[in-house]
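Thanks for coming. I have one model to go through, so please look at the screen.

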Amino acid sequence: MIFVRSPLLSIRYLPKLRSYSPFALPASALTPEMEMGSLAPSIMVLCGKSDAENELAKSLKKKKSLKLPGDGDLKVVLHSEVDNGSQNEAFCLDHYFNSLSTATGLGRFVIYSPRLSSTHDFISSNFCELPLGAVCVADVQSKGRGRSMNVWESPKGSLLFSFTLQMVDGRMVPHVQYVVSLAMADAINDLWKQYGTSHLVVRIKWPNDLYLDGLKIGGILCTSTYKSQKFNELA
């Protein structure tokens, strides 16, 4: 799980990743209980970069194979089913995919939720159902996982996401956390240079915290499991 919390970072300096984007479910996606407010499931929006990934999203919705950790209710919808019924600060899928340059794999399949207990736990519970490189993004997180069993509550304005990897060589597994930490710090600092704010520098407090001017603004948690002679990695 990766979270970054900074008003400057999330609103001003990441315009291609976050936007004031309308998000609402179509009436056809709502059950009578949901409309009456007696049921409040977690909403998961599935979306892909290409037609193939969007077909996978349709298949996952049809199979109803995705689940929440525990016994929570889950409502799965496709990005094409989301309409513009309300004005909320939200992760903007259109801006994200327009900015994405990877040709295959990482980041091309997204699971987005306005509110989720933990992106890391959701990916962990559904690893085998999702394509490698899938990313889970949330606007608000209530039980984000940290080191030493710490729990993080993250409000709107944070950048919250988790993604999947897989590798065979177990010697590489411990290095994932360091690589992701370096990548996050470099990406943020590169964006700030583009916007003329190079005096702001994000630094890493090893092994997994991001600091700005002595204040913690983010963190990275990586976990792995071993199955069928492969390491399933979550970050």
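Gly70 sits in the loop that connects helix H3 (51-63) with strand S4 (74-78). Helices here are DSSP runs of H or I of at least four residues, strands are runs of E of at least two, and both are numbered from the N terminus. With a relative accessible area of 63%, Gly70 is exposed; exposed means over 50%, buried under 20%, and partly exposed in between, with a 1.4 Å probe and protein chains only. Gly70 and Ser125 are 55 residues apart in sequence, and their C-alpha atoms are 9.5 Å apart in space.

A word on the source: this is a predicted model, where local features need pLDDT of at least 70 and side-chain atom pairs count only at pLDDT 80 or more, while totals for chains, interfaces and linings use all residues. Residues are numbered from 1 along each chain as its sequence is written, and side-chain values use heavy atoms, with hydrogens and water left out.

Next, helix H6. Tyr178 lies in this helix, residues 176-194. Is Tyr178 buried or partly exposed? Its relative accessibility is 39%, so Tyr178 counts as partly exposed.

Now the whole protein. It has 6 helices and 14 strands. Of its 235 residues, 47% count as buried. Taking contacts (heavy atoms within 4.5 Å) between residues at least 6 apart in sequence, 69% join residues at least 24 apart. The accessible surface is about 12,400 Å², and 53% of that belongs to carbon and sulfur atoms; accessible areas come from the Shrake-Rupley method with a 1.4 Å probe, and for residues only the protein chains shown count as cover.
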